[in-house]
Structure formats: C-alpha cells, structure tokens
Amino acid sequence: MKLKDWFMMQFDGSVDVSIQPLPLDFKVRDWELILTSNQKIKISDIIQRGPLLLVFIRGTWCPFCQIHLKNLSEWATSLNEKEGNVIVVSTEPIHSLKSWLNLNPMNFIFASDSTMELCQYFGVRIQPNDFAQAATFLIDSDFTIRLAYKGKRTQRYFDEVETVMKQQIYGSKG
C-alpha cells in the first residue's frame, strides 16, 4: 500500500455510514450538469461517447479531496479518451471551482451542484454541512449505475473503476 493511500485510510473521516447512495443497477434520470465553462450538458449527451464516471467530492477546499483529485488526474491521463468520461461534481459555486482550477489545472471536467439537487438525488448529500459525501458512480449508456463507491479512495478503487469501465466498453463488443 502506498504511503498516500495509507494516510487517507488513517485520517480521512469522510465516510458517513448513515448515507446510502443509489445502488448498483439503478437507472438514473437524465440530469443537466452545469460545467465550469458555464455550459450545460445532459448526462444523455455524455454517455453517447462512453460511460460516465461521476465523482462527487466535498470540495476543492478539502485536503483529502485534493489528494484524490491529483490521483484521479494521474489515473485519467492513462485512460484512452474512448474509455469513458470523467466529471467531478462539487457543491461549490462555479466561480470558486474556476478559481481553484486556475491554480490547479486538471485533465477532466468539473461541474457545480450548488443547489445540491444532484447530491440529494444520488444520495450523497451530507447534512447539515451541505456538501457531498465522497462517492463515485459509473453510469453506462442506458443510464444504469454499474459501479457505486463511497468513501476513501485508494489504488484499489482506481483498479476497480478501470475494470468496470473496460467491461462496459469492451464487454459487449467481444
């Protein structure tokens, strides 16, 4: 186990066991995401290009989320563009996300859920703090959740996500 993974496992108290995210095989509805570019895009438009990895973070202010975003960026670089789409969701307003991204460029898209409707729908909203539980959902071309993961993110998490993504892309073709 890498030192950074051990650190996250020891000190990140981000998992709220009372929060139950949407389960595997649940069909999500088509949401419109508000990107940091101020564009709006629907999940249906994204999943036409491949599975969507929707990653919820507490916020760019969170040191554990910052570690995860760095790891996610390194991992996403190794993915072929055809192997899926990564979108990180934060409850922070767009201007806060843009400011952070100006100092910390990432190779994936960020979306703002400042109304917390998306977090509420996916079952990852932490109250009364009003931010998201660390969680990841892999959504396939028919809006079905193929992977639902909440909590601490280690190399094992990235390996599992990559395996399931490749199964979604290549499994039905081979």
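## A walk through the predicted chain

V124 sits in the loop that links α5 to β6 (125–126), where helices (DSSP runs of H or I, at least four residues) and strands (runs of E, at least two) are numbered from the N terminus. With a relative accessible area of 0%, V124 is buried, a word used here for under 20% relative accessible area, while exposed means over 50% and partly exposed lies in between (1.4 Å probe, protein chains only). Although V124 and A134 are ten residues apart in sequence, their C-alpha atoms are 7.6 Å apart in space.

This is a predicted model, in which local features need pLDDT of at least 70 and side-chain atom pairs count only at pLDDT 80 or more, whereas totals for chains, interfaces and linings use all residues. Residues are numbered from 1 along each chain as its sequence is written, and side-chain values use heavy atoms, with hydrogens and water left out.

The predictor's confidence in each residue, pLDDT, runs from 0 to 100; its mean over the chain is 80, and 71% of the residues reach 70 or more. Where pLDDT is low, the predicted coordinates should not be read in detail.

Taken as a whole, the chain has six helices and nine strands, and buried residues make up 49% of its 174 residues. Of the contacts with a separation of 6 or more, 66% are between residues 24 or more positions apart. The accessible surface comes to about 8900 Å², of which 52% belongs to carbon and sulfur atoms; such areas come from the Shrake-Rupley method with a 1.4 Å probe, and for residues only the protein chains shown count as cover.

Leaving aside neighbours within four places in sequence, S90 is in contact with I57, R58, G59, L97, A111, S112 and D113. S90 and M116 are 26 residues apart in sequence, and 8.8 Å separates them in space, C-alpha to C-alpha.

M116 lies in the loop between β5 and α5, and at 13% relative accessibility it counts as buried. The phi angle of M116 is near 65 degrees, a positive value in a residue other than glycine. F143, in the loop between β8 (135–139) and β9 (145–150), also has a positive phi, near 70 degrees, and is likewise a residue other than glycine.

The second largest pocket is lined by 13 residues, of which E32, I34, S112, D113 and T115 lie nearest its centre. On a 1 Å grid over the protein atoms alone, a pocket is an open set of points where a 1.4 Å probe fits, with protein on both sides within 12 Å along at least five of seven lines, and lining residues have an atom within 4 Å of a point. β1 (32–35), β5 (109–112) and α5 (117–122) each supply at least two residues of this lining, and the largest share, three residues, comes from β1.

Technical notes. Contact = heavy atoms within 4.5 Å.
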